[in-house]
Amino acid sequence: MRFLLDPGPLTTLAELTEAGEAAHSAGLDGVFLSASPALPAPLVSAAALAARVPDLRIAVALELGDTHPYHVAEEAAVVDVASGGRLILVVAAARDAEDVYGEALDLLLTAFTPRPFRFEGATWKVPANLPENVHNVERKVRLTPAPTQPRLELWGAGAGREHALRRGLGYLADSDADLSELGDAWRAAESSLGAPALTAARARHAAVGDPERLVATLRAGREAFGQSWAVVRAPASGTRALGARVRPRVQLESLPEGLERFWDETVTNSTRRTTG
Amino acid sequence: MTTAAANIGIGLWTMQSTAVAPANPSSLYRSFADAAVLVEELGFHSIWTAEHHAWYDGWCPALIEAQAFAAARTTRLRFGNAMLLLPQHDPLRLARSVATLDRLSGGRVDLGAGLGHRDSEFDLVGLRRDRRGRLMEHALETLEAVWRGERGDEPVADGRLPRIFIGGMAPAAIARAARLGHPLMLPPSLTPEQLREIAAQYREQAAEPAQVACMRDVWVEPDRRRATEFADKLSRHYREEAGSWWVIKGDTGFRQPEQLDRQLRRASQSAMIGGAEDVAAGLNELVDAGANFLVLRLNFDFVSPEELAAGLLRLTEDVVPLLDASLGGSS
């Protein structure tokens, strides 16, 4: 299971960097950034973080459908290229945009392929070929730059579960989602895709203070719907426990008898190594 | 190295991997951030980027994200656009991106707003090119509303918009900048005479005139043979873009070679390539004609990071000390 640190609402580059460095030194896989009132464009924050901290995957939560998805595709491509292919795009439907969510996902997926395309959806046509635009107008267009990842990591979120799973995309479930219902959706997706479906789930901040409970929650998610990523809300100071006490306990199906007791006796929350 | 070039910005980063100068796409963004660190160290005011969309060479379509990547590695340097094609963006979305960059960078944003000229770029996102003036006005209003906190976000800074350099030399652009109290950003091909006229018009129309900025392609190269080589490369650089895109008398450049040659001659004549004293004299002529801010373009696809660093050093050590005091030079 992989771990993304969700540092909660941030206001400065210093806080953003602190969260990234904490995730990196705790051995987590990345961070999870969403819009906050002070930093309303998480893709911009992601680009800044990519310059400050190496290696980390940077997941960005966005809403789809309230703007032309081509703008989102371009910005995501630039962040993916600048970061060396480290972007994970997590998209939920914007308010009142549930009915165009599937089309927006399709436009993103089409635009991310490195070839000229023509997209004719009910809401968006790319290129639009408006009669008033006359010079150099093309029938097919190429999104440039192409994302660095051959297939940019794209997850659905919120009410978009069926849309995401049906397209073979990852899906980020909320922490209060019903486990057995998620399990049914997951198994249905795998059987219709004929391939493993990727799912992730949020775990709430409150659980970090209690590593044992968080471990139990994540094991249950793994069991119920194949949870493969955990997005954990924690302050930078709580990150060490995630890497040292939670992460090792959910990588294997079961642990040799005595290992957890050994860890309890020897593993402290002190910092072992830091980023360079 | 503390030469103060308080009113000089360095351009122009576009992140292109062209047929003439192929480059790894990610390395172009890293080189931009490396260059920002150097430009800051050398004491310049700012570093400038330019956007286009859906072109074969990866030309950067999302400048605010690219600037955030470089802003995270610098502390004093400002970030400008010459230009960001404002009418082609979703104004609310862009305003939030700019507000985020402004906060992350500690208020180091100088926007630059151009209209854009390629029909195909407007067509990508379902906009009409012939409505670009109206789209520009709407976008400027939206930026201001977001800045004041009227769109559900926290107000940015003290609610006062950052400077927005208004691009172009058409009467409408001059009037728009004058009316809104924004600075002007004039294109690199402008002659000193044209500049003098436009600067006078702007200062006459504006109740509170801001900067009159001018772009210039500049390369300090005392050796005549190497200067000619640079000029040839520059000309080829513009020919690709102009031949493919520019609409000259109703048709595109490559389809009318003679018209294209004429346009390109004008562009290449305005570039300042030569010894430090000649370059300084040319730039001082622009100041004399009314410019009080310069964006000097040294960076092109065909200039390697090493050549750029050397060129920036020559500019800093040999040219800046000869520039008019109003630009932050010492003479």
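**View 1. Lining of the second largest pocket in this predicted model.** Chain A supplies at least two residues from each of β2 (30–33), α2, β3 (57–64), β4 (87–93), β9 (199–203) and β10 (227–233). From chain B, α3 (91–105) also supplies at least two. With four residues, α3(B) gives the most to this lining. The lining has 41 residues in total. Nearest the pocket centre lie A:S34, A:A35, A:P40, A:P42 and A:A61. By class, 23 lining residues are nonpolar, seven polar and 11 charged. The pocket volume is about 850 Å³.

**View 2. The largest pocket.** Its space comes to about 1500 Å³. The lining takes in 43 residues. B:H117, B:P187, B:P188, B:S189 and B:W246 lie nearest the centre. In chain B, β8 (212–220), α8 (224–245) and α9 (257–270) each contribute at least two lining residues. The lining divides into 20 nonpolar, 14 polar and nine charged residues.

**View 3. The contact between chain A and chain B.** Chain A brings 49 residues and chain B brings 46. Together the chains bury about 4000 Å², 60% of it on carbon and sulfur atoms. On the chain A side, A:V44, A:H135 and A:N136 lose the most area to chain B, together 15% of what that side buries.

**View 4. Polar links across the contact.** Two salt bridges join chain A and chain B. One of them pairs A:E132 with B:R128, their closest N and O atoms 3.5 Å apart. There are 19 residue pairs in polar contact between the chains. On the chain A side, α3(A) supplies the largest share, nine residues. That side has 28 nonpolar, 13 polar and eight charged residues.

Definitions and conventions
Residues numbered from 1 in each chain as written. Chains lettered and ligands numbered in written order. Predicted model: local features only at pLDDT ≥ 70, side-chain atom pairs only at ≥ 80, totals over all residues. Heavy atoms only, no water. Contact = heavy atoms within 4.5 Å. Buried area = accessible area lost by both parts, 1.4 Å probe. Salt bridge = Lys/Arg side-chain N within 4 Å of Asp/Glu carboxyl O. Polar contact = N/O pair within 3.5 Å; in protein donor to acceptor, adjacent residues only side chain to side chain. Nonpolar A, V, L, I, M, F, W, Y, C, P; charged D, E, K, R; others polar. 1 Å grid on protein atoms, 1.4 Å probe; cavity = no way out; pocket = protein on both sides within 12 Å on 5 of 7 lines; lining within 4 Å. Points joined across faces, edges and corners; volume = space filled by probe spheres on them.
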